[in-house]
Amino acid sequence: MSQLINRDFYHTVAANLEVKSKAPNGVNFNVKGKSSHEGSTTGSIEGKYVNVPSGLTVTQAWTTTNVLNTKLELDNQIAKGLRAEVAADFVPSSKDIGAKLNLTFKQPNFHGRAFFDLMKGPTANIDAVLGREGFLVGAEAGYDVQKAAITRYAAAVGYSVPQYSAAITASNNLSVFSAAYYHKVNSEVEAGAKATWDSKGSNNVGLEVAGKWRLDPTSFAKAKVNDRGIASLAYNVLLRSGVTVGAGISLDTQKLNESAHKVGTHFEFSG
């Protein structure tokens, strides 16, 4: 449901470029560039090496904000279904260092994650989901070690089968409530909706409705509209092997005569 509403709507940035390549020794390179509607431009260059026999993945990146990122992943080696990830970042100009430990554990009826920020706090964010015969129940909690206090918590229940899914979530310390629904109508059409209410805010309920249409094997279109009258359209097409182009527009239907609209493009090259 989250992917249907949030992914592949290209108006959020003015332009986005991604170039992927793979060296003969198996190292994957990914160069990204992004231009915001405010005029700022950011980018990064990333190298990723996967050693399949050992289950080790090493990723290093350097961003245009001069941040060096290093990530080590170990999958299914410590225990079956467990993925351990150590991520570190370094800012040469200020000598700031960050370090995080992320753990993901998957079993047929269980999915758990733990995220530890080792330099700030330290803090821990843990979530878990239990499932049986399509029914799901989950919870999330955040903990600050230095303050010895729970900083956040949330809970959710849902039901999921291949054709459709539904969920009710209480987040922000059980103060923001949302209900979401997703339906795979057929192999070409998907639809979904999400309603959100903040019990500490106004009495209004936010609503988003989205749809996706597979036009042919190489292209699709998406559309969504919310309760504020913001309508978004997107189109994605695979021009040829390794070349994907996307375009999107966001229209404020209540201010059609004003410059409140956004247009964005996305280009992806891989080889």
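The model is predicted, so local features need pLDDT of at least 70 and side-chain atom pairs count only at pLDDT 80 or more, while totals for chains, interfaces and linings use all residues. Residues are numbered from 1 along each chain as its sequence is written, and side-chain values use heavy atoms, with hydrogens and water left out.

Q: Why is Ala114 called buried?
A: Buried means under 20% relative accessible area, exposed over 50%, and partly exposed in between, with a 1.4 Å probe and protein chains only. Ala114 has 12% relative accessibility, so it counts as buried.

Q: Where is Ala114 placed, and in which strand?
A: Ala114 is in β8, residues 110-117. Strands here are DSSP runs (E, at least two residues), helices are runs of H or I with at least four, and both are numbered from the N terminus.

Q: What is Ala114 in contact with, leaving aside its neighbours within four places in sequence?
A: Contact means heavy atoms within 4.5 Å. With those neighbours left aside, Ala114 is in contact with Leu101, Asn102, Leu103, Asn125 and Ile126.

Q: What makes β14 and β15 a pair?
A: Two strands pair if DSSP finds at least two bridges between them. Nine bridges join β14 (residues 189-198) to β15 (residues 205-216), and the two run antiparallel; by the definition, therefore, they pair. Ala193 stands opposite Val209 in β15, and a hairpin of six residues joins β14 to β15.

Q: How many bridges join β15 to β16?
A: Eight bridges join β15 to β16 (residues 219-226), again antiparallel. Trp213 has Ala221 in β16 as its bridge partner, and the hairpin joining β15 to β16 goes through two residues.

Q: What makes a space a pocket, and how much space lies in the largest pocket?
A: On a 1 Å grid over the protein atoms alone, a pocket is an open set of points with protein on both sides within 12 Å along at least five of seven lines, whereas in a cavity a 1.4 Å probe fits but cannot get out. The largest pocket holds about 900 Å³, a volume being the space filled by probe spheres set on points joined across faces, edges and corners.

Q: Which residues lie nearest the centre of the largest pocket?
A: Lining residues have an atom within 4 Å of a point. There are 35 in the largest pocket, with Val129, Ala155, Ala156, Ala167 and Thr169 nearest its centre. The largest share of this lining, nine residues, comes from β11.
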